[in-house]
Amino acid sequence: MTTLNRVPSLMARAGTASALTLAAVGGSVVVPGVASEAAAASPATKALHIAASKKGSPYAWGATGPGRFDCSGLTLYSYKKAGKKLPRTAAQQYNNTRHISAKNRKAGDLVFFHSGSSVYHVGIYAGKGKIWHAPKTGDVVRLQKIWTRSVWYGRVS
């Protein structure tokens, strides 16, 4: 029996059911005309979720997944799985995104760390001043607060 079939029968037996009750029994609420979150997710949102799913994967210089990553390897992998192409390095990725201001950043945008005009690191903006990234040798993919103001933002189109 599918979720769509199970929900009405549950409601018929119980009279009414809250969304919490439906979630507890594995049901879902279907609202006509509203796309599911998964179906409506943008490539940026998908890439963000993919990066988050790699939490704890070890850093390895030059690695592009699926089990090990360097910083640009994680962004490359995440966007590729979300249906978008990015070049290999952080600097190349910066040059191939639409540059946006900090006030216009959204979850899923790329965050580029720079020293002067040289980009040296990249992560995926998660919101609330945090990024998912593969930090350095000996570390793992993780969520971390942005630690500097020397960042630029780019949106993948």
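Reader: Why is Trp 147 called partly exposed?
Author: Its relative accessible area is 44%. Buried means under 20%, exposed over 50%, and partly exposed in between (1.4 Å probe, protein chains only), so Trp 147 falls into the middle class.

Reader: What should I know about the model itself?
Author: It is a predicted model, where local features need pLDDT of at least 70, side-chain atom pairs count only at pLDDT 80 or more, and totals for chains, interfaces and linings use all residues. Residues are numbered from 1 along each chain as its sequence is written, and side-chain values use heavy atoms, leaving out hydrogens and water.

Reader: What makes Phe 113 count as buried?
Author: Its relative accessibility is 0%, so Phe 113 is buried.

Reader: How many aromatic pairs are there in the whole structure?
Author: A search finds five. Rings of Phe, Tyr and Trp (its six-membered ring) pair if their centres lie within 6.5 Å; planes under 30 degrees apart are stacked, over 60 edge-to-face, and the rest tilted.

Reader: Why is the pair of Phe 113 and Trp 147 called stacked?
Author: The ring centres are 4.4 Å apart and the planes stand at 15°, so the pair is stacked. Phe 113 sits in strand E2 and Trp 147 in the loop between strand E5 (142–145) and E6, so the pair ties together parts 34 residues apart in sequence. Strands (E, at least two residues) and helices (H or I, at least four) are DSSP runs, numbered from the N terminus.

Reader: And what makes Tyr 125 and Tyr 153 an edge-to-face pair?
Author: Here the centres lie 6.2 Å apart and the planes are at 85°, so the pair is edge-to-face. Tyr 125 belongs to strand E3 and Tyr 153 to strand E6, so this pair joins parts 28 residues apart in sequence. Tyr 125 is buried at 6% relative accessibility, and Tyr 153 is buried with a relative accessible area of 6%.

Reader: Why is strand E6 described as largely enclosed?
Author: Four of the five residues of E6 (residues 151–155) are buried, so the rest of the structure largely encloses this strand.

Reader: Which sense describes the pairing of E2 and E6?
Author: Strand E2 (residues 110–115) pairs with E6 in the antiparallel sense over four bridges; two strands pair if DSSP finds at least two bridges between them. Phe 113 has Val 151 in E6 as its bridge partner. Strand E1 (residues 98–100) also pairs with E6 in the antiparallel sense, over three bridges, and there His 99 stands opposite Gly 154.
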